[in-house]
Amino acid sequence: MVEKKYTLGWFIRSLVLWLVAAIMLLPLFHIVSVSLSSNVEVLKNTITFWPKGFSLEAYKFILGKPLIYNAYKNTIIYTVTGTLAALFVLTTGAYALSKKRCPFAKPVNFLIMITMFFGGGMIPTYLAVKWLGLLDTLWAIILPTAFSAWNCIIMRSFFASYPAEIEESGRLDGLNDIGVLWYLVLPTSTAVLATIGLFCAVGMWNNFFGPLIYLSDESKYPLQIVLRQLILQSISDGMETGPSLNIAENSIKYGTILVSIIPIIAVYPWLQKYFVKGVMIGSIKG
Amino acid sequence: MSKANNAPTEMLPVTQAKNRRWVEFKKNKYLFILSIPTILCLILFYYLPMYGLVIAFQDYKPFLGIMGSKWVGFDQFSRFFNYAFFWRILKNTLLLSVYNLLWGFPAPIILALLLNEVRNQKFKKFVQTVSYMPHFYSTVVVCGLVTMFLAPTGGLITRALSVFGISHNFLADARWFRTLYIASSLWQSTGWGTIIYLAALTNVDPQLYEAAYVDGASRWRCLWSITIPSIAPTIITLLIMNIGSMINVGFERAFLLQTPATYETSEIIATYVYKAGIVNNSFSYGSAVGLFNSVISLILIITANKISAKVSETSLW
C-alpha cells in the first residue's frame, strides 16, 4: 500500500499520542524532581520536571524513620507470603479442577463461577475473618484474597490444555496426581506461574483495603496505610519534621511515594510482558 | 407379586453405582486432596460471608451470635430507605458509575484505535509502555498525587492553572469531586484497557484493508466499515462486563479522594457501608446496605446480558 505519510490526520494523531504519553509520564518526573531538590527551592515552588539544588536529604530522612522501614518490612512480608499462599491455593485447585475425573469438580466449578457475580460484601466478609479469629494477623491480609475466581479460571484453562501424554507418562512411572503436578507439570508451567504470581504480588504490594479493615495494630501496618496517613491525612506521628531539619514536607511526601513504587518500576519490564499475556489468556477463556 | 420380585433387582444397580463411585473416588483421591485448599478458601471467605448475609435480616449482636440474635425482617433495609441521605447516596453511586462507564469505556477503545494507526512501531511501543504504567501504581499513590498536585499552595496543577489566572480549591469543592474521580481513574486505567482491543485489532484480516484500498476507500471509511465491526464482539463483551461491575464503583478511590467538605457528591454506598458497618460497628445495617448494592449489581449484569444476547447474539453465558 502506498500512503501519504504526513497528512493532517497523521499530525493530529501524533499530537494526541504525545500528549497522552506526556500526561502519563510527567507526574513521575515531578515526583522525582521535588524529592531530589533542596528545601529552599521546594518551598519557593519553582520545581517542575527537573530537580534544583540537588539534595538527598529527603531520602536520608525517609530511610532513617522506623515508621517507614517497619511498614516497608511489613509490605514485603505480606507480598511474599501472600503471593506464595495464592500460588499454592491456585495451582493445586486449578490443576485438580481442570480434570473431569476430579471428585466434585462440577459442583466446585459452579460454586467458583457464582463468586464472580455475587458475594457477601464488605461487612459479612469482615465478620467471617473476625469469627475465624484472624483480625490483626498476617492471615487476615493474605488468606481472604488468596483464592480468586478470575485467576483460578486462567490457570484452570492453562492446565486443561496441558498435553495429557506427559501426565500419562508420569503416571506410568508410578507417580500419583500430586507427584505429576509437582515433578512434571509445575516445572514446565513457569510462564503461567510467573504471570499469576506477578498479578498477586502487585495486588498484595498495593493492597490497601484489607489492611484498612482488618488491622488496627499500627506495628502491622503496611506501606499503603502509612502512605495514606502521611499524604492524605497529613498525620505525621513519628515523622517529626521541624524547621531544624531543613527538609521540605513535600520532598518527604514525594520521596515516600517514590520509595513505594520503585520496586514496581524495577520489575516493570517483566510485569508488562507477563501481565499482557495474562490479560490475553483471561480474555480468551473468561 | 411381580412388583415385589422386581424390587431387589432394581436395587442392585443403585448399590453398584454407589460402589463404582466410591472406587472412582478412591482412584482420584489425590486430585480431591489437591482441591481441598480451594474448597476451604471458597467456604471460609466466600460462602461463610454469604451465609453471614442473614444478619442483614437480624439485629445482630456479636455476643449473641447469628443463632441468638433477633430476626427483624426488612427493618434494616427500611432504616436505610428512610435515612435522610438515602437518595443522595444512591444518586451519587449511580451518577459516579454512569459517568465512569461513559468516559472509562470508550477511552481505551479510542486510544487503541489511535495506536493501531501508528506505523512507527517504536513510537507505538513507547506510548503503550508509558500508558500501561499507572495501572501498577496503588490507588493510594494515585489519590495522593491528585491531592498533592491540587494542593492550594504549591501543587503542580494549581501552579499551572495560576498561569491562566485560575485559582480554586478543587479538593474541597463538591462540584469537582466526580471530575477528579473520573480523571484519576482514566489516568490509571485507560492505557491498560487498550490491551484487549489491540489484540482484537491484530486479528483483523489485512486483506480486507487491501481490498478496500483498491476500491478507493478512505481511512475513515475503513475505520467505520472494517475496523470497528471487526472488534465489535470484543467491545460488546467488555461492555456487558463493565455494566455488571458498574455499580461496584471503586470503594478505595472514592474513600481516598473524599473529604467531609465533598460528602454531598462523594458519599457512595460503599463508603457509607464502611462507615456504618466497620467504623460504627452496625454490622446488620451495614450488611443490609451492602446486600442492596449487590442485588442491584446482579440485576444490572443479568439485564445487560439479556439485552446483548437479543441484540447481538453475544452473551457471557
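I count two residues as in contact if their C-beta atoms, placed from the backbone, lie within 7 Å. The model is predicted, and local features need pLDDT of at least 70, side-chain atom pairs count only at pLDDT 80 or more, while totals for chains, interfaces and linings use all residues. Residues are numbered from 1 along each chain as its sequence is written, and chains are lettered from A and ligands numbered from 1 in the order in which they are written.

**Entry: the two chains.** I looked up the contact between the chains and found 72 residues from chain A and 70 residues from chain B. On the side of chain B that touches chain A, helix H2 (residues 29–52) of chain B gives the most, with 18 residues; helices (H or I, at least four residues) are DSSP runs, numbered from the N terminus. By class, I read that side of chain B as 48 nonpolar, 17 polar and 5 charged residues, where Ala, Val, Leu, Ile, Met, Phe, Trp, Tyr, Cys and Pro count as nonpolar, Asp, Glu, Lys and Arg as charged, and the others, Gly among them, as polar.

**Entry: the domains of chain A.** I noted domain 1 (1–55) and domain 2 (57–285) in the domain assignment of chain A, with bounds that come from an automatic or database domain assignment. The centres of these two domains of chain A, taken over C-alpha atoms, are separated by 32 Å, and their contact takes 9 residues from domain 1 and 11 residues from domain 2. On the side of domain 1 that touches domain 2, the largest share, 4 residues, comes from H1(A), and by class I found 5 nonpolar, 4 polar and no charged residues there.

Notes
Helices (H or I, at least four residues) and strands (E, at least two) are DSSP runs, numbered from the N terminus.
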